[in-house]
Amino acid sequence: MECTGGVNKMKTFEINKMPLRAIMEAFPAAADLFEQYDIAPVSMDLPLEEAIASVSAHWLRDNGFTDKEICREIILACQGEDNEYKSDLKLINSITICRGSDKSGVDEKFDVTVNAGETVCVCGATGSGKTRLLEDVEYVANGDSPTGRTVLINDKIPDEEERLYFETKLCSRLSQTMNFIMDLSCREFIEIHLKCRNPDISVSETEIFIQEIMNCANNIAGEKFNENTMLTELSGGQSRAFMVADMAYISDAPVMLIDEPENAGIDGESVLRLLASKGKIVLVSTHDPIIALSCDKRIVIKNGAVSSVTMRSENEAILLDNLRNYNKQFSIIRENIRNGEHIDIGDVYV
């Protein structure tokens, strides 16, 4: 097989069937990836999928990978960073979640389209399937997830090659459980991420990004921190605030998935406004009524399926203002308690 010239046109299945040794010899980027991650398969003479499947479960667990994720990274490295779909990320202006079925196999009744700059809340009882919907979007489901849903990008189903690319590039996700293990300062992390996105970025541009990201993160977080704070020293809320700012200012991903921000100790409303202002497609799973009513529309999940899609009403907009006022009082009381102060009943109104 000819492996030089036009490598980004090689089909996924072609690369999957190549012996790992041949991939390493033909694609320097893939060889670099193996060296970087210190991947140690049982045999270099097996086809890619089989070779990666032989990597020890202990190594996968310690490095936070699955064998499928490693295969995706290797294939993308073989196809080249100049992948023809890379520019398409900036042209994505909508995603559509096409109906699948609930946990009992009953068909869903609604498709849901989310446009750039729009915020959509995913609500429902604990265990109803909110996170599953976010995962369907993240992995660009094509009838192959437990729900049977299909995700359209700009009103069309991605082909095999598009889907492979979009699976790792389409979404940035802020989960409920996220901690840093890298021994870097906030400044060093931002510098590395910027260099990855734009190797030619200037020192002055880098400084502007650092200041904007740090200001943004501190507006969202509770306790302040600075660019020299080590990532491993950040609290859970600070980590999430820092990642939101990074997502907003650096990430190319057009879709933002946020899982229950109220549990992260950050200002959820500010997060939504920030990401929407950047033209992102925002899906947020939440139990918080203020965050839910702040969104343009709500998706209600029951028994694993979309049971309704609701636009915010005028009365709900009025209710939202009232809830915000109550929340301000609550925040003042919380800060007073944190500062060791007693609460005067005269300072609280109903």
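This is a predicted model: local features need pLDDT of at least 70, side-chain atom pairs count only at pLDDT 80 or more; totals for chains, interfaces and linings use all residues.
Angles under 35 degrees count as roughly parallel, over 145 as roughly antiparallel, 65 to 115 as roughly perpendicular, and whatever is left over is called oblique.

**Two crossing helices**

Helix H9 (residues 186-197) and H10 have axes that come within 10 Å, and they cross at roughly 125 degrees. The two are therefore oblique to each other. As for handedness, the H9 and H10 crossing is right-handed. Which residues meet there? On the H9 side you'll find Cys186, Arg187, Ile190, Glu191 and Leu194, and these meet Thr206, Glu207, Phe209, Ile210, Ile213 and Met214 in H10.

Searching the whole structure turns up 2 aromatic pairs. In one of them, Phe225 and Phe242 sit edge-to-face, with 6.4 Å centre to centre and 75 degrees between the planes. This pair ties together distant parts of the chain, 17 residues apart: Phe225 is in the loop between helix H10 (203-220) and helix H11 (236-249), while Phe242 belongs to helix H11.

Now for the strands. Strands of a sheet pair through backbone hydrogen bonds, and they can do that parallel or antiparallel. Here, 6 strands build an open sheet with mixed pairing, in the order S5-S6-S7-S3-S8-S9. Strand S5 (171-174) and strand S9 (305-311) are at the edges with a single partner strand each, so one side of each has no neighbour in the sheet. From one strand to the next, the twist averages 20 degrees.

Helix H7 (residues 130-138) lies across S3, S5, strand S6 (255-259), strand S7 (281-285), S8 and S9, and runs at about 160 degrees to S6.

**Strand pairings side by side**

| Strands | Sense | Bridges |
|---|---|---|
| S3 (residues 119-123) and S8 (residues 297-302) | parallel | 4 bridges |
| S1 (residues 94-98) and S4 | antiparallel | 4 bridges |

Methods. Residues are numbered from 1 along each chain as its sequence is written. Side-chain values use heavy atoms; hydrogens and water are left out. Two strands pair if DSSP finds at least two bridges between them. Rings of Phe, Tyr and Trp (its six-membered ring) pair if their centres lie within 6.5 Å; planes under 30 degrees apart count as stacked, over 60 as edge-to-face and the rest as tilted. Axes are lines fitted to C-alpha atoms, for helices over the stretch in contact, and angles run from 0 to 180 degrees between N-to-C directions. A crossing is left-handed if the near helix is turned anticlockwise from the far one by less than a right angle, and right-handed if clockwise. Contact means heavy atoms within 4.5 Å.
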